[in-house]
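Subject: A structure for you to look at

Hi,

Here is the structure I promised to pass on to you. Please open it beside this email and follow along as you read.

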Amino acid sequence: MKHHLILKVITKFMVGVIVLFGLYVQFHGDYSPGGGFQAGVIIAAAFILYGIVMGLENVQKVMPIWFAQKAAAIGVLVYALTGVFSIVFGFEFLNYHAISPEHPKHGQHYGIILVELGVGITVTFVMIAIYYSFAGRTPRLDDKEW
Amino acid sequence: MASEIKQGTLDFINHLPILQVITPMLIAPVLVVLNNKTLSWLLSFVGALACLLISVLLLQAVSDGSTLRYYLGGWVPPIGIEYRIDAANALLLFLISMISAIVLIFSYSSLHAEIPEDKHTLFYACFLLCLTGLLGVVATADIFNVFVFLEISSLSTYVLVAQGSYLDRRALSASFNYLIMGTIGATFFVIGIGYLYMATGSLNMMDIAERVSQLGQNRTIQAGFAFIVVGMGLKLAMVPLHVWLPNAYTYAPTVVTCFLAATATKVALYVLIRFVFSVFNYEDSFVNELFFLLLMPLAIIAMIAASVIAIFKQNLKKLLAYSSLAQIGYMLLGLSLMSQKGLASSLVHMVNHGFTKAALFMSLGAFMLNTKNIYIKSLKGLGKSMPFTSAAFVIGGLSLIGVPGTAGFISKWLLLEAAIEAGYWLIAILIVVSSLFAVIYIWKIIEVLYFSERAGSYREVSVVTLIPIWILALFCIFLGINTSLTVDVANIAADVLFN
């Protein structure tokens, strides 16, 4: 903890705040500017910041590579299955009326939240995976070489 | 918005246009989550078969000249995205699904020779995404959706080409070249879309077509058209913009080369056709002049020059890649004749050449399983030790030349007819000359296969590998004898596009 003490302390504090703000952007995407893509990037930024300051091994203890890969795929599935749900109930692909046929407005609302959730998950983990594949290529700097 | 809807009213049949595209898209993430090599292959194959089934049903539904329309999310165009299936894209959907299913049979036995086993799951996921992209480009009637799907297919293609690096590191630079060129192409394309949107305020093809015809001569639209032609020219490897193609085809894994050679460039050409006939006004003098003064000469140069270059290539994958450039020239020529017959010949040649080239590349892949490299000298005497693969290669070669009784003959004949009908005798002669060059480079390979001393002792590849090769070879013959699938549908498609 000798090197970059201030950076490390601030990072530990900021990571939680960044993730919280990301979740805010995610779930308020249908009222205010934002949505899945922006939220995903913000949440991924928290992990990337942690990785830059604490080192790649430490962030990969929290978020292993295999998990990032699979979670990215699951995000796509959430999106696509929302669409398939509509097909199963006899509506067009991604027609959110299917989610709540009695209250089309509610259906639209739930539908967009689900789809944005899928986008958010995928973007978060794809960003993290991209960071991993670039960061993993450079030789690691020893703490004393800074 | 209709608030009365209590229950969905659509049957399974109504959903076919979207199911065609989302079937592979749904399977791709499942593969990544499951992460099992054998299961990945099985699921991809099942997905490709499902796509094939759907495309056959679609082809049946539209073969009477009708059009299927599907509104995504229930939003009526021009606000929402629309998928529109007519005879022209149903034919392409069938080609893409068919080739992907056949290629996946081949990959079962050949992929482990080219790619390490731990990458197989991601490879199949990428393959399915590429398939999704190609199918989506063809199915959609929304020009921005075309761009999105084009990028899905292109991005996964770059990854797939780079997978050849486990055998030959040059695959990486080939893939990078392709990435740069492809991205420039996509940028030009999206700028063209931007111009169109600027002038018309719409993204739906039919809606734009209506507004374009009202606008008359308009600089913005002409600039948009020029950008789209150049962008698609890069993607379809029109001759001065073709530099990425030979290396990408040569160093990609065989499975990928087969799939790309048979589908990717055809899809880009289809986009060009779709834009000329369904978005722009093909009778417009600007469009006509562009095709007559620019694309037709380029197509003829491609036909002749690429064939000549192919003769001198020692690497057989590269030889076939250059021959692909020449064949793209034929398709472009058919289109630039701007006649119903020319367009039909172009569409028929897309399908016929798809099967022919896939058969050729796949039998080369089978040779490569034994010889490990694909230079012409390493094939010496393989005609005796690998008789079935060699025979399939000969059938594919004959079809490429255009010998009567094979698929290639039908489409070249149609093209000749169209050229003569338009009064271009010189072009008709050049088509024949270009075919003669094809005779030279195919004969060069056949000579080495059958009339040389045996270089090494090789055994015939396994039956599982031979099945897909022979399916393709038989298709080359079948499409040369029974033309109801290709010529009749293409005539209907040309009819639909012209009216």
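Some ground rules come first. This is a predicted model, in which local features need pLDDT of at least 70 and side-chain atom pairs count only at pLDDT 80 or more, while totals for chains, interfaces and linings use all residues. Residues are numbered from 1 along each chain as its sequence is written, and chains are lettered from A and ligands numbered from 1 in the order in which they are written.

Let's start with chain A. It has five helices and zero strands; helices (H or I, at least four residues) and strands (E, at least two) are DSSP runs, numbered from the N terminus. The radius of gyration of chain A, taken over C-alpha atoms, is 19 Å, well over the 15 Å from the globule rule for 146 residues, so chain A is more spread out than a compact globule. That rule is 2.2 Å times the number of residues to the power 0.38. Along the principal axes, the C-alpha atoms of chain A fill a box of roughly 65 × 30 × 20 Å. Of its 146 residues, 39% count as buried. A residue is buried if 20 or more other C-beta atoms lie within 10 Å of its own, exposed if 12 or fewer, and partly exposed in between, with C-beta atoms placed from the backbone.

Next, see where the two chains touch. Chain B brings 22 residues to the contact and chain A brings 21 residues, where two residues are in contact if their C-beta atoms, placed from the backbone, lie within 7 Å. On the side of chain B, the elements giving two or more residues are α1 (16-34) and β1 (68-71). Of these, α1(B) gives the most, with eight residues. This side of chain B divides into 14 nonpolar, seven polar and one charged. Here Ala, Val, Leu, Ile, Met, Phe, Trp, Tyr, Cys and Pro count as nonpolar, Asp, Glu, Lys and Arg as charged, and the others, Gly among them, as polar.

Within chain B, have a look at helix α5 (residues 143-162) and helix α6 (residues 170-200). Their axes come within 9 Å and cross at roughly 175°, which makes α5(B) roughly antiparallel to α6(B) (the word is used for angles over 145 degrees). Axes are lines fitted to C-alpha atoms, for helices over the stretch in contact, and angles run from 0 to 180 degrees between N-to-C directions. The residues of this contact divide into 17 nonpolar, three polar and one charged.

The largest nonpolar core has 221 residues, and B:L91, B:A358, B:A359 and B:L472 touch the most other members. Such a core is a set of buried Ala, Val, Leu, Ile, Met, Phe, Trp, Tyr and Cys residues joined through C-beta atoms within 7 Å. Helix α10 (residues 254-279) of chain B gives the most to this core, with 19 residues. Not counting residues up to four places away in sequence, B:A358 touches B:C258, B:A261 and B:L472, among others.

B:I471 lies in helix α18 (residues 463-481) of chain B and counts as buried, with 20 C-beta neighbours inside 10 Å. B:V403 is in the loop between α15 (387-401) and α16 (407-421) of chain B, and with 17 C-beta neighbours inside 10 Å it counts as partly exposed.

Happy exploring!

Technical notes: Angles under 35 degrees count as roughly parallel, over 145 as roughly antiparallel, 65 to 115 as roughly perpendicular and the rest as oblique.
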